[in-house]
Amino acid sequence: MASWWWWWSEAVVVGGGTGGGSSGTVVSICVFTAVLCVCLVAGHLLEENKWVNESITALLIGCVVGAIIFLLSEGKNSRILRFDEQLFFIYVLPPIIFNAGFQVKKKQFFHNFLTIMSFGIFGVFISVAIVSTGCYWLFPKVGFGDLGAVDFLALGAIFSSTDTVCTLQVISQDETPRLYSLVFGEGVVNDATSVVLFNAIKNLDITQLKGGVALKVISDFLYLFFTSTMLGVTIGLSTAYALKALYFGRHSTDREVALMALMAYLSYMLAEFLDLSGILTVFFCGIVMSHYAWHNVTESSRITTRHIFATLSFIAETFIFLYVGMDALDIDKWKTSETSFKTSLGIFGIIISLVLLGRAAFVFPLSIMSNYMSGSSEKAPITFNHQVVIWWAGLMRGAVSIALAYNQFTFSGVTLDPVHATIITSTIIVVFFTTLVFGFLTRPLISAILPHQHRQSTTPGTGGGGRSTGSNSPKDDFIMPFLSPDEEASGSGSGFLQAKRSISMLLERPVHTVHIYWRKFDDRFMRPIFGGPMERDRGNCY
């Protein structure tokens, strides 16, 4: 027993934890892989538990493993691997975001596009302002104020980033399709906005701030948003055209799958190389690939790509939360932090309060604005119960917050500054608290507030998987014939009357009308070039 204890400490904790010899690295990877397998088994056994989701399971298992390593190393270490924010952004995050775009139900996402954009962009600006200002004002009151202006602004971006991974695991896409699309869409745009703002804040020169700086930050963000989106769309269309024109499937289905996977990763890395937002690029690349490229491969490749991308995303998500659980017990950060327990508790309370307030400050007003702008005939309004669920589900913070905090307050995962160490430990505590507490309570909250949601989502016509082929409004029976190709072919009605009716419908239901005109354009021009079923065969494409 004693010899086994010594071998574990030397090979795993000392070698693997500090990046020592190759033997230690191999052992570390073996142990981490084994723990990942344990997480999969535990998640399967707890699948039906309404209180625990896979992210919470991975966090708790990470804590247990970290505690075991901590004991085996006699208090010297608690990790198998050292956190690297570059590893996170380059290798772990891309498959998660790409799969989110590849699997998204596009009709729900684009039907709520304006609301999602307002939450994900304007909401982040509001939250950053509240969190940054609140930290600047309240931290000194608890005896913690040794931070610069850039640090306070960075804290706003760090704690305004909702955790897309955790939110997607808590809310079911099939049970609550519209709610899922709002929270999911906001999460992706929110992450991209937070990262872009964080990078802009890091480059700010506080000594030369002028009135035009805020305008420049906004203009830079808009440039990054549109260029990143166009890059993702371009690469997605290029992949679709190559698959359609060259027909890889006649020789090897492996090449089809490999091309889609490599082009998706290329989109992310190319965006990072061009200093754009890789998150937005790979997300829209995933949407375009699922809309066009996926239909140009063989049936076996379609099944394979769905499962491969989902599996890679699942493993990456589990990896993130497992590591966060182990890293929470890293003794070095806790030793470096010289903040008293009372001050640490005050910092934690301030951050949690500001996160709650910052999210409420934009979810409820922007929801009301969205309902007003949409009008009663556009679609069902975002009810107060829906707003509460959206507010609650987006309170969780996760890997993006930790990665940004490490990027700002550490060097290669290590910090010797007590103040910066306090921020890192506070971030870990906030992530743990929000993931565990809010994660535990989100599903019961949804069940209590929206008790009929599951039955509504599985009514006849939507498909068992929640894929609705129509709109959410009874008015579709009137609108669809009006805009259908059959009516155009029949030549019924004058051009003036058709134009008048089109304008009136556009004013009455703008999102839905634009969506239908896009589908007509898509069938006539895009799909013949890039692939995909036509309107008569579309069925489950949306």
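**Entry 1: helix α16**

I looked up helix α16 (residues 384-393) and found it mostly covered, with eight of its 10 residues buried. Buried means under 20% relative accessible area, exposed means over 50%, and partly exposed lies in between (1.4 Å probe, protein chains only). The buried residues in α16 are His386, Gln387, Val388, Val389, Ile390, Trp391, Trp392 and Ala393. Helices here are DSSP runs of H or I with at least four residues, strands are runs of E with at least two, and both are numbered from the N terminus.

I also noted what I am working with. This is a predicted model, where local features need pLDDT of at least 70, side-chain atom pairs count only at pLDDT 80 or more, and totals for chains, interfaces and linings use all residues. Residues are numbered from 1 along each chain as its sequence is written, and side-chain values use heavy atoms, with hydrogens and water left out.

**Entry 2: the whole chain**

I counted 23 helices and zero strands in the protein chain. The chain has 542 residues, and 54% of them are buried. Next I checked contacts, meaning heavy atoms within 4.5 Å. Of the contacts with a separation of 6 or more, 82% are between residues 24 or more positions apart. The accessible surface comes to about 24,300 Å². Carbon and sulfur atoms own 68% of that surface. These areas come from the Shrake-Rupley method with a 1.4 Å probe; for residues, only the protein chains shown count as cover.

How many residues of α9 are buried? I found 23 of its 26, so I call α9 mostly covered, given the cut-off of under 20%. Then I tested its length.

I searched the whole structure for salt bridges and got two. A salt bridge is a side-chain nitrogen of Lys or Arg within 4 Å of a carboxyl oxygen of Asp or Glu. One joins Arg359 to Glu186, with the closest N and O atoms 2.7 Å apart. This pair links distant parts of the chain: Arg359 sits in helix α15 (residues 341-374), Glu186 in helix α9 (residues 177-202), and 173 residues separate them. Both residues are buried.

The other joins Glu299 and Arg302, at 3.6 Å from N to O. These two are three residues apart in helix α13 (residues 299-327), so about one helical turn separates them.

I also picked out Leu182 in helix α9. Leu182 counts as buried because its relative accessibility is 3%. Beyond four places in sequence, Leu182 touches Asn112, Thr115, Ile116, Ile382 and Ile390. Leu182 and Thr115 are 67 residues apart in sequence, yet their C-alpha atoms are 7.5 Å apart.

**Entry 3: the nonpolar core**

The largest nonpolar core has 127 residues. A nonpolar core is a set of buried Ala, Val, Leu, Ile, Met, Phe, Trp, Tyr and Cys residues joined through side-chain atoms within 4.5 Å. Its largest share, 12 residues, comes from α9. The residues with the most contacts inside the core are Phe88, Phe139, Leu147, Leu155 and Met289.

**Entry 4: helix α17**

Is helix α17 enclosed or open? I found 10 of its 11 residues (399-409) buried, so α17 is largely enclosed by the rest of the structure. Among the buried ones are Val400, Leu404, Tyr406 and Phe409. What covers them includes α4 (85-103), α7 (149-158), α9 and α18 (418-449).

**Entry 5: a loop residue and a helix residue**

I found Asn296 in the loop between α12 (278-291) and α13. Asn296 is buried, with a relative accessible area of 10%. Leaving aside neighbours within four places, Asn296 is in contact with residues including Ala240, Glu256 and Phe530.

Asn371 lies in helix α15. At 22% relative accessibility, Asn371 counts as partly exposed. Beyond four places in sequence, Asn371 touches Pro381, Ile382 and Gln387.

**Entry 6: a surface patch**

Which residues form a nonpolar patch on the surface? I noted Val41, Leu45 and Leu46, with about 280 Å² of accessible area together. Patches are made of residues with over 30% relative accessible area and no salt bridge; nonpolar side chains (Val, Leu, Ile, Met, Phe, Trp, Tyr) are joined within 5 Å, like charges within 9 Å. Leu45 lies in helix α2 (residues 22-45) and is exposed, with a relative accessible area of 64%.
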